Amino acid sequence: GLGSGLAQAQDSVVSNLTASGNEADMVALNDAAQESTTMVVVDMSGSMLQLLGSQRRYEIAKSMLSDVLPDVTEQSDVGLIAFGHRRDNDCRDIELFSRPGASLDELRGYVDGLLPINRAKTPLRDAVALAANQIPTSEQGTIVIISDGEDNCGVDVCNLVPQLKDRNLPVFLLGIDLDSPAVEKLQCLTRGTGGFLIETRSAAELPRYTDFIFRLSRLRATN
């Protein structure tokens, strides 16, 4: 079930830390990565208009993101990118709302204004590439994606993996109601960079999952 999947994810992280001799770092699941950058990529493509339970996917994603931003901005320099929120059928519809270091109020304002466009594309690969380019090479950085599908702009997200690995930029993805082909494709991006993919098909579980994916990203940034 969803709860067991989350428990397995946490167990995996703890096991890896223990195996590497960094037991003290296990507390970092609840602590901060001091000198780190987090780029958040939010999917606002047309499919995010679909329901998850009684709410639309994008409404839940925005609510959960707003809830975790106070903690995330306190521990990391945060930037924000969204796609699919301005034009339909346009793979160039990617917007850099803020580079790392935006204030909590700025980020919440950007998130509050996001609205998916029906039939908007999912240019995930180019959005991730843009996110990577915002992270200073001198800093530890992670990319966190909230999305409900794979790239549908005719490009392969997997070809970003060598570049991201070279820069030690792990990708963490919270997948909302993903289908199996999307999971397989997106796992190449997360596993290949040392990140993690967590799936959810439950609106009730989403707060816990959103919090956990950001905690994982900060933990990874300190190791």
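Me: How many of the eight residues of strand 6 (residues 140-147) are buried?

Reply: Seven of the eight are buried, so strand 6 is largely enclosed by the rest of the structure. Buried means under 20% relative accessible area, exposed means over 50%, and partly exposed covers what lies in between, with a 1.4 Å probe and protein chains only. Strands here are DSSP runs of E with at least two residues, helices are runs of H or I with at least four, and both are numbered from the N terminus.

Me: What kind of model is this, and how are residues numbered?

Reply: It is a predicted model, in which local features need pLDDT of at least 70 and side-chain atom pairs count only at pLDDT 80 or more, while totals for chains, interfaces and linings use all residues. Residues are numbered from 1 along each chain as its sequence is written, and side-chain values use heavy atoms, with hydrogens and water left out.

Me: Back to strand 6, then: which strands are joined to it by bridges, and which way do they run?

Reply: Strand 1 (residues 36-43) runs parallel to strand 6 and is joined to it by seven bridges, and strand 7 (residues 171-176) is also parallel to strand 6, with five bridges. Two strands count as paired if DSSP finds at least two bridges between them. Threonine 37 has glycine 141 of strand 6 as its bridge partner, whereas serine 147 stands opposite glycine 175 in strand 7.

Me: In what order do the strands of the open sheet come?

Reply: Six strands form the open sheet in the order 5-4-1-6-7-8, with mixed pairing. Strand 5 (94-98) and strand 8 (196-200) are the edge strands, each pairing on one side only. From one strand to the next the twist averages 15°, where axes are lines fitted to C-alpha atoms (for helices, over the stretch in contact) and angles run from 0 to 180 degrees between N-to-C directions.

Me: Which strands run antiparallel, with four bridges between them?

Reply: That is strand 4 with strand 5, and within this pairing phenylalanine 83 has isoleucine 94 of strand 5 as its bridge partner.

Me: Which residues touch the most other members of the largest nonpolar core?

Reply: Leu65 and Phe214 do, in a core of 33 residues. Strand 1, helix 2 (57-75), strand 4 (77-83), helix 3 (104-112), strand 6, strand 7 and helix 7 each supply at least two of its residues, and helix 2 gives the most, with eight. A nonpolar core is a set of buried Ala, Val, Leu, Ile, Met, Phe, Trp, Tyr and Cys residues joined through side-chain atoms within 4.5 Å. A second, separate core has 27 residues, including Val41, Ile94, Ala129 and Val157.

Me: What is phenylalanine 214 in contact with?

Reply: Leaving aside neighbours within four places in sequence, phenylalanine 214 contacts Thr38, Val40, Leu65, Val68, Val72 and Val144.

Me: And threonine 210, is that buried or exposed?

Reply: Threonine 210 is buried, with a relative accessible area of 1%. Its place is in helix 7 (residues 206-221), and beyond residues up to four places away in sequence threonine 210 touches Met64, Val68 and Leu174.

Me: Changing topic, what is the phi of asparagine 89, and what is that of arginine 119?

Reply: Asparagine 89 has a positive phi of about 55° although it is not a glycine, and arginine 119 likewise has a positive value, near 70°. Most residues other than glycine have a negative phi. Asparagine 89 lies in the loop between strand 4 and strand 5 and is exposed, at 56% relative accessible area. Arginine 119 lies in the loop between helix 3 and helix 4 (124-134) and counts as exposed at 59% relative accessibility.

Me: Last one: how many residues of the protein chain are there, and what share counts as buried?

Reply: The protein chain has 223 residues, of which 49% count as buried, and it holds seven helices and eight strands.

Key. Contact = heavy atoms within 4.5 Å.
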